[in-house]
Amino acid sequence: MNPGYPIRMHKKPVFPQSSLVLGWRQDLGNLGRKVTDYLNRKLGGEEFAGVEPEDFFPLDGVAIEDNVARFPESKFYACQEHELVVFQSDSPGAEWYRFLNLVLEMAEQHCRVREVYVLGAMISFSAHTTPRQLLAVVNTTGMKEVLSQYDLAGDVDYQTQPGERPTLNSFLLWIARKRNIPGVSLWVPIPFYLAAMEDAQARKKVLSFLDERLNLRIDFSDLDHEVVKQNEQLARARSRIPQINEYISRLESNLMLSEEENGELITRIEDFLREGG
Amino acid sequence: MGIRYYQEPQLQNPILVASWPGIGNIGIIAIDTLRGALEAEEFAEIEPWDFFYPKGVLIKKGVLQHLEFPGSRFYFKKMKENDILFFIGEEQPTEMGRMYAEGRRAYGMANLVLDVAEKLGCRRVYTSGAAVALIHHTAQPRVWAVPNTRSLLAEVKGYDNTVLMSDIEGRGGQGNITGLNGLLLGVARRRGLEAICLMGEIPVYLQGLAVSYPRASKAVLEVISRRLGIEINMDNLDELDRKVQRKVEEFYQQIPLEIRGQLDRLKHVAYAQPAEPGPITQEEEKKIMEDVERFFKKRGGAD
């Protein structure tokens with residue numbers, strides 16, 4: 001690679017062809033990071049390249065996460081046997097077009113990526129007991145047809161509202177289409193009171209789809225255990241704290257909570273889970 | 001990073017008039033009003049993706065249809081003597097959460113704008129923006145003018161209702177123009193083009209509000225249109241000004257009485273030359289600035 005080229009490669013993976021899964025670290029419910037970590041762990045993902053941060057991130061100090069200083073990271077992992085490339089990254093703060101193009105260029109030229117899957121989470125005002133849906137936005141009609149056989153909500157209509165901006169995932173899909181790479185942006189709703197924590201059920205929903213679509217044959221028993229544990233913790237929270245139960249019951253009956261009640265539910269759930277549930 | 005031309009007009013001694021949004025959108029409203037009044041024709045745009053994060057997406061039945069980016073467009077209008085070239089940037093190419101463009105991308109965009117201007121034979125550039133001033137909102141704003149070469153000073157001194165930085169009390173001819181409306185001046189100088197930035201005054205206590213300030217846009221437009229020998233109907237700007245002034249007055253009444261009392265004194269500010277004693281002393285001016293700053297910090301609305 002040229003000096004000054006912002007991607008450094010430690011190893012050259014050999015893929016006859018592959019699929020790319022991208023997750024952003026600062027996602028709701030830590031979805032992007034957790035799903036990509038899980039794939040790497042289960043499928044033996046090996047880091048083989050990274051993007052140098054200086055052009056894309058505000059290097060004006062370090063962020064502190066869970067008491068530890070951290071630095072922006074953008075890494076590629078190869079799950080060789082499964083013909084899968086995983087990219088996990090902080091969301092860039094500048095030169096988005098160049099950054100996303102670099103990622104796709106790397107995936108195309110060095111890993112022969114044929115399809116792109118980008119992960120996203122969205123806030124849901126439903127209770128955690130409501131089954132998770134997986135929404136899909138594709139960048140070609142061909143991809144829509146291919147995905148029609150899966151359990152996806154694929155008829156999303158959306159237009160950016162005043163004061164909002166499109167997501168990085170939409171930007172990526174658009175660039176992928178310019179490069180003739182079919183892609184899908186996957187969106188899983190996360191109950192608002194779990195958005196700052198984790199949602200094993202949402203993760204399972206996304207991973208199950210990827211498992212089926214990419215024929216990964218993952219043993220989900222550990223994740224199933226996490227889902228059960230999360231549900232048990234939330235059930236305990238409901239039985240011990242009547243206010244939590246009242247609010248969640250109202251959500252289950254499709255009743256909206258006030259802004260203040262939403263805030264109270266978030267605080268109480270987060271406190272309960274942090275204390276070990 | 002490039003320019004997309006729809007046509008390449010043949011222009012005679014064109015003058016470039018360029019603006020990007022800034023405080024009170026003073027410059028961009030002035031320039032866009034002029035462009036609209038002259039019915040200037042669009043002929044090119046800067047490809048946006050290297051500069052901007054998209055501003056809109058359209059998804060239909062689960063398929064991404066379209067991604068929309070802020071526009072950076074060129075227009076032209078044939079005139080009797082100097083043809084006019086317009087550049088209107090819908091946004092400044094900011095990044096990392098900053099308010100104004102700076103660094104490599106800002107420099108890149110300024111150069112692209114001037115590439116087009118020079119290609120079409122342009123040797124003179126006007127930009128426009130806001131001058132945050134210690135004035136009252138009931139006052140008629142002046143226009144601060146900053147040329148990019150000393151040889152333009154005499155010309156600028158002849159403009160109506162216009163002052164140089166050295167005419168502003170306490171400035172001593174110094175200051176800075178943030179963002180692309182200023183940077184273009186510097187890049188033009190580097191490329192040997194004459195350029196002048198015209199900045200309409202906005203009261204210091206309005207700079208952090210998300211309102212336009214058409215009164216100052218009108219002041220800028222009057223200077224530019226006179227310089228270009230064009231008569232522009234300002235009725236729309238006057239109407240907009242009346243609406244904005246009503247909103248400003250509502251906001252003004254919410255300012256705590258103690259601070260408002262200080263600001264009321266600005267009504268009596270006559271534009272003093274640096275050597276003359278003004279109706280407000282420097283001490284008092286400092287106090288007003290501190291009070292305003294404190295008020296906006298509390299409100300969370302200041303820049």
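1. Of the 303 residues in chain B, 52% are buried, where buried means under 20% relative accessible area, exposed over 50%, and partly exposed in between (1.4 Å probe, protein chains only). This is a predicted model, in which local features need pLDDT of at least 70 and side-chain atom pairs count only at pLDDT 80 or more, whereas totals for chains, interfaces and linings use all residues. Residues are numbered from 1 along each chain as its sequence is written, chains are lettered from A and ligands numbered from 1 in the order in which they are written, and side-chain values use heavy atoms, with hydrogens and water left out.

2. Chain B has eight helices and 11 strands, these being DSSP runs numbered from the N terminus, with helices (H or I) of at least four residues and strands (E) of at least two. Among its contacts (heavy atoms within 4.5 Å) between residues at least 6 apart in sequence, 75% join residues at least 24 apart.

3. Over all chains there are 27 aromatic pairs, counted when ring centres of Phe, Tyr or Trp (its six-membered ring) lie within 6.5 Å, with planes under 30 degrees apart called stacked, over 60 edge-to-face and the rest tilted. The pair A:Phe87 and A:Phe99 is tilted, because the ring centres are 6.2 Å apart and the planes stand at 55°. This pair joins strand 7 (residues 84-89) of chain A, which holds A:Phe87, to helix 2 (residues 96-111) of chain A, which holds A:Phe99, across 12 residues, and both residues are buried.

4. Between the chains, A:Phe171 and B:Tyr53 form an edge-to-face pair, at 5.6 Å centre to centre and 80° between the planes. A:Phe171 belongs to helix 4 (residues 168-178) of chain A, while B:Tyr53 lies in the loop between strand 3 (41-46) and strand 4 (56-60) of chain B. A:Phe171 is buried at 0% relative accessibility, and B:Tyr53 is buried with a relative accessible area of 16%.

5. Two charges sit over rings, by the rule that NZ of Lys or CZ of Arg is within 6 Å of the ring centre and within 35 degrees of the ring normal. The charged end of A:Lys178 is 3.6 Å from the ring centre of B:Trp49, and B:Arg35 lies over the face of B:Tyr75, at 4.5 Å from the ring centre.

6. A last point concerns helix packing. Helix 7 (residues 242-252) and helix 8 (residues 259-274) of chain A pack at about 125° with their axes 10 Å apart, the axes being lines fitted to C-alpha atoms over the stretch in contact and the angles running from 0 to 180 degrees between N-to-C directions. Residues making this contact include A:Tyr247 and A:Leu251 of helix 7 and A:Leu265 and A:Ile269 of helix 8.
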